[in-house]
Amino acid sequence: MKRQYDLLIIGGGPGGALAAKTAVEKGLSVCLVEKRPAIGAPVRCAEGIGKELLTDFLPPDPKWICTDIERAELIAPDGFSMLLEPRMAGNEVGYILDRKVFDRELIWKAAEAGAETYVKARATAPIMKDGAVAGAVIEQHGKIYDVHADIVIAADGIESKFARWAGINTTVPLREIETCAQYLMTGIDIDSQKTSFFLGNEVAPAGYVWIFPKGDGIANVGLGIGGGKSGAGHRAKDYLDRFVSRMFPDGKIIELIIGGVSICKPLPCTVADNMMIVGDAARISDPITGGGIYNAMYTGRLAGETAVNAIELGNTKKASLMPYDSEWRASKMGKALDRNYAVKEVFTKLSDEKLNTIIHSIAKLNLEEFSTLTLITELIRANPSLLLELKHLRSFL
Amino acid sequence: MLNIRRDICGYCGACVSVCPEGALELIDAYLTVDHTCIDCGICEKVCPLGALEVIKE
Ligand code: SF4
Ligand code: SF4
């Protein structure tokens, strides 16, 4: 590990990997540190991603794609099931990844392009100079290194501490986190090309249950519940155990995966002097689906590009990095975050009866396209009384 | 005082993100709490496994 780099990246997930690859390809010296001993493990993800989102970054590779999803199914609280065929499933249909392999592939690409990568290397504090970040103290194998960098990218995920140490409040409000538990199960009777989503306060209050197939008879079976609904005796794992014993009493559990997903608004500002924040650390998971892989890769790449430009200009102050923040907010992803946040605020408060009404009425339509937009329109149609609450949503329609 | 049940914790980091004081930190595969903890109990609620308990003195 050298003492000085152009760019220091904290965290080796998809966001950090894309930032590293992008910047090193444009000639920056890049150091990426990952506190875990292995990239990609432990997995903290349901592993689903939309097809066209993924191909924005790299061609699909059977090495890290477990299944190609053809259909999706939405199950209302009353058990009524609505099937979404490819024609109308749009974004909801995609790939189920093997994140352990996928994350390694991304880091490998960054390393191959020339980025230095260090595992079991943890940032323990920022190095501050005149009130601005100037690098980080890195601990690895019992040794402590002062690593200076023109720019630091915080890509340290949901448990991010780096930005907070540098003075940015990253606290996620309790009611705006989904607390999640998932089993990787085998020996279960499922359609291996169909994802299923179960809604309802019985199965997952202020969240949903997912079944994401990873092969024949194998699936990620998991759920998230709103943080405000979680407590002793009714935690994510309690709900999951109940669901699994009802649906798959004979299935075998071969992995336990847990995690938190923020469904709050993104951080008010994702740049500071000499620093950018990307991915889950910036609180930019999708507030409806909880999906964050694409968002992390997108912001990682954009932060990498911004770093290159800023260093070329010889100015890495906040104003010079600001294009990163404004560009992702104005992007399709940024707009979807805004809209989906507003929709989430309404959806998570719906009673089971209302959810039933909505899903029944959507199923009756011959939808050409299934998207969050159609959902909102239907929501309003089925619940004219909600119109007032939804006023602020109209601007997104 | 916050008691961390290491035998239960699955080191997911959900608690770290909701702590208003920044008192928690996930160091590789174990969770730590420092003196800034105010025993507010938010982390205790959010944990998907129930690994945290605020013990009233
Ligand atoms: S939320 Fe629970 S399982 Fe996750 S790191 Fe915190 S204590 Fe451990
Ligand atoms: S009890 Fe409150 S202050 Fe203490 S660690 Fe938990 S969330 Fe943070």
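**Helices, sheet and ligand shells of the predicted model**

Helix α4 (residues 99-112) of chain A has 14 residues, which at 1.5 Å a residue should span 20 Å; the C-alpha atoms at its ends lie 19 Å apart, in agreement with that expectation. The structure described here is a predicted model. The buried residues of α4(A) are Arg99(A), Phe102(A), Asp103(A), Glu105(A), Leu106(A), Ile107(A) and Ala110(A). In an α-helix, residues three or four places apart point the same way, because there are 3.6 residues a turn. The partners against which the buried residues of α4(A) pack are α1 (14-25), β2 (30-34), α2 (51-54), β7 (94-97), β8 (116-119) and α7 of chain A. Just after α4(A) comes Gly114(A), with a positive phi of about 120°.

Helix α1(A) was examined in the same terms. Most of α1(A) is covered, with 10 of its 12 residues buried. The buried residues comprise Pro14(A), Gly15(A), Gly16(A), Ala17(A), Leu18(A), Ala19(A), Ala20(A), Thr22(A), Ala23(A) and Val24(A). These residues of α1(A) pack against β1 (4-10), β2, α4, β11 (143-154) and α7 of chain A. Gly27(A), which follows α1(A), has a positive phi near 100°.

The loop between β18 (275-277) and α7 (293-313) of chain A contains Gly279(A). Gly279(A) counts as buried because its relative accessibility is 3%, the threshold being under 20%. Beyond its neighbours within four places in sequence, Gly279(A) is in contact with Ile284(A), Ala296(A) and Thr299(A). Between Gly279(A) and Ala155(A), the C-alpha to C-alpha distance is 6.3 Å, although the two are 124 residues apart in sequence.

Chain A also contains an open sheet of seven strands with mixed pairing, in the order β6-β5-β13-β14-β15-β12-β16. The edges of the sheet are formed by β6 (81-84) and β16 (252-262) of chain A; each has a single partner strand, so one side of each is left without a neighbour in the sheet. From one strand to the next, the twist averages 20°. The partner of β16(A) is strand β12 (residues 177-186) of chain A, with antiparallel pairing over 10 bridges. Within this pairing, Tyr183(A) has Leu256(A) of β16(A) as its bridge partner. Helix α6 (residues 236-247) of chain A lies across β12, β13 (194-198), β14 (208-215) and β15 (218-226) of chain A, and runs at about 35° to β12(A).

Two ligand shells were characterised. Ligand 1 lies between chains A and B. Its surroundings consist of Ile258(A) together with Cys9(B), Gly10(B), Tyr11(B), Cys12(B), Gly13(B), Cys15(B), Leu31(B), Cys47(B), Pro48(B), Ala51(B) and Leu52(B). By class, the shell around ligand 1 contains 10 nonpolar, two polar and no charged residues. Around ligand 2 are Leu2(B), Cys19(B), Pro20(B), Glu21(B), Leu24(B), Cys37(B), Ile38(B), Asp39(B), Cys40(B), Gly41(B) and Cys43(B). The shell of ligand 2 divides into eight nonpolar, one polar and two charged residues.

Technical notes
Residues are numbered from 1 along each chain as its sequence is written. Chains are lettered from A and ligands numbered from 1 in the order in which they are written. This is a predicted model: local features need pLDDT of at least 70, side-chain atom pairs count only at pLDDT 80 or more; totals for chains, interfaces and linings use all residues. Side-chain values use heavy atoms; hydrogens and water are left out. A residue is near a molecule or strand if one of its heavy atoms lies within 4 Å of it. Ala, Val, Leu, Ile, Met, Phe, Trp, Tyr, Cys and Pro count as nonpolar, Asp, Glu, Lys and Arg as charged, and the others, Gly among them, as polar. Helices (H or I, at least four residues) and strands (E, at least two) are DSSP runs, numbered from the N terminus. Buried means under 20% relative accessible area, exposed over 50%, partly exposed in between (1.4 Å probe, protein chains only). Contact means heavy atoms within 4.5 Å. Two strands pair if DSSP finds at least two bridges between them. Axes are lines fitted to C-alpha atoms, for helices over the stretch in contact, and angles run from 0 to 180 degrees between N-to-C directions. The expected span of a helix is 1.5 Å times one less than its number of residues.
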